[in-house]
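Here is a brief report on how one chain packs. Keep the sequence and the model open while reading.

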Amino acid sequence: MDVVKDLALTDSLCTRKFPAGRDGTAPTLGGPGYFLVVLGAATGRAAADLYAHEAALIERFEERWGEGARWGSVTLLERGARGEEIPEPWAELGTRADDLRTWRAPGSGRWVSLAVADRDPEAAPELLLMVTDTDPP
């Protein structure tokens, strides 16, 4: 994992055209109005490395855009269970991670979110980067 490379990827995703339909091309999952990228996985390394990389990216994003909104995604699951429609990619991110950090990238009209997806005990934790033009629910 490389902070400089991930910052460049974020900048690229903030300007790149979104796919017209759901596209699962590795390492980027995308769809109308979003990209969801796995920046790293804990396979073969400690999950602590993912959290450290997340913290480094958060620091850089805060230098650029100020403090990010921090919120738990459990409410998304509860709202979805009650039948409320949660838009993608927020629904996907909400099923995979508990805590999200989100910024509005100035000039792009897009939201940038970071999360460590560690909710599934059967799967290796992953650091996720999401870029979307869909407002948080």
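## Helix α1 and its cover

The cover over the buried residues of α1 includes β2, α2, β5 and β6. Contact here means heavy atoms within 4.5 Å. Buried means under 20% relative accessible area, exposed over 50%, and partly exposed in between, with a 1.4 Å probe and protein chains only. Helices (H or I, at least four residues) and strands (E, at least two) are DSSP runs, numbered from the N terminus.

This is a predicted model: local features need pLDDT of at least 70, side-chain atom pairs count only at pLDDT 80 or more, and totals for chains, interfaces and linings use all residues. Residues are numbered from 1 along each chain as its sequence is written, and side-chain values use heavy atoms, with hydrogens and water left out.

Which residues of α1 are buried? They are Val3, Asp6, Leu7, Thr10 and Leu13. These residues cover an arc of only 125° around the axis, so they lie on the same side of α1. The arc is taken from the directions from the helix axis to the C-beta atoms. Val4 and Lys5 are exposed on the other side of α1. The N-terminal end of α1 is capped by Asp2, with a side-chain oxygen 2.9 Å from the backbone nitrogen of Val4. A polar contact is a pair of N or O atoms within 3.5 Å; within protein, one must be able to donate a hydrogen and the other to accept it, and residues adjacent in sequence count only if both atoms are side-chain atoms.

## The nonpolar cores

A nonpolar core is a set of buried Ala, Val, Leu, Ile, Met, Phe, Trp, Tyr and Cys residues joined through side-chain atoms within 4.5 Å. The largest one has 21 residues. Leu39, Leu57, Phe61, Val112, Leu114 and Leu129 have the most contacts inside it. Two or more residues each come from α1 (3-13), β2 (34-41), α2, β4, β5 (110-117) and β6 (126-132). Helix α2 gives the most, with four residues.

Val112 shows how these parts meet. Leaving out residues up to four places away in sequence, Val112 touches Thr10, Cys14, Phe61, Trp65, Arg101, Thr102, Trp103, Ala105, Leu129, Met130 and Val131. A second, separate core has 14 residues, including Leu29, Ala91, Ala97 and Leu100.

## Aromatic pairs

The structure holds five aromatic pairs. Rings of Phe, Tyr and Trp (its six-membered ring) pair if their centres lie within 6.5 Å; planes under 30 degrees apart count as stacked, over 60 as edge-to-face and the rest as tilted. Two of the pairs are tabulated.

| Pair | Centre to centre | Angle between planes | Class |
|---|---|---|---|
| Phe61 and Trp103 | 5.1 Å | 70° | edge-to-face |
| Trp65 and Trp103 | 6.4 Å | 55° | tilted |

Phe61 lies in helix α2 (residues 47-65) and Trp103 in strand β4 (residues 99-105), 42 residues apart. Trp65 is also in helix α2, so its pair with Trp103 ties together parts that are 38 residues apart in sequence. Ring pairs link Phe61, Trp65 and Trp103 into a cluster. Phe61 is buried, at 0% relative accessibility. Trp103 is buried too, with a relative accessible area of 2%.

Glu67 touches Trp103 and Glu62, not counting residues up to four places away in sequence. Glu67 lies in the loop between α2 and β3 (69-72). Its relative accessibility is 71%, so Glu67 counts as exposed. Glu67 and Trp103 are 7.7 Å apart in space, C-alpha to C-alpha, and 36 residues apart in sequence.

Beyond its neighbours within four places in sequence, Thr132 is in contact with Phe18, Gly33, Tyr34, Pro89, Trp90, Gly109, Arg110 and Trp111.

Pro89 lies in the loop between α3 (74-81) and α4 (90-96). A cis peptide bond joins Glu88 and Pro89, with omega about 5°. Most peptide bonds are trans.
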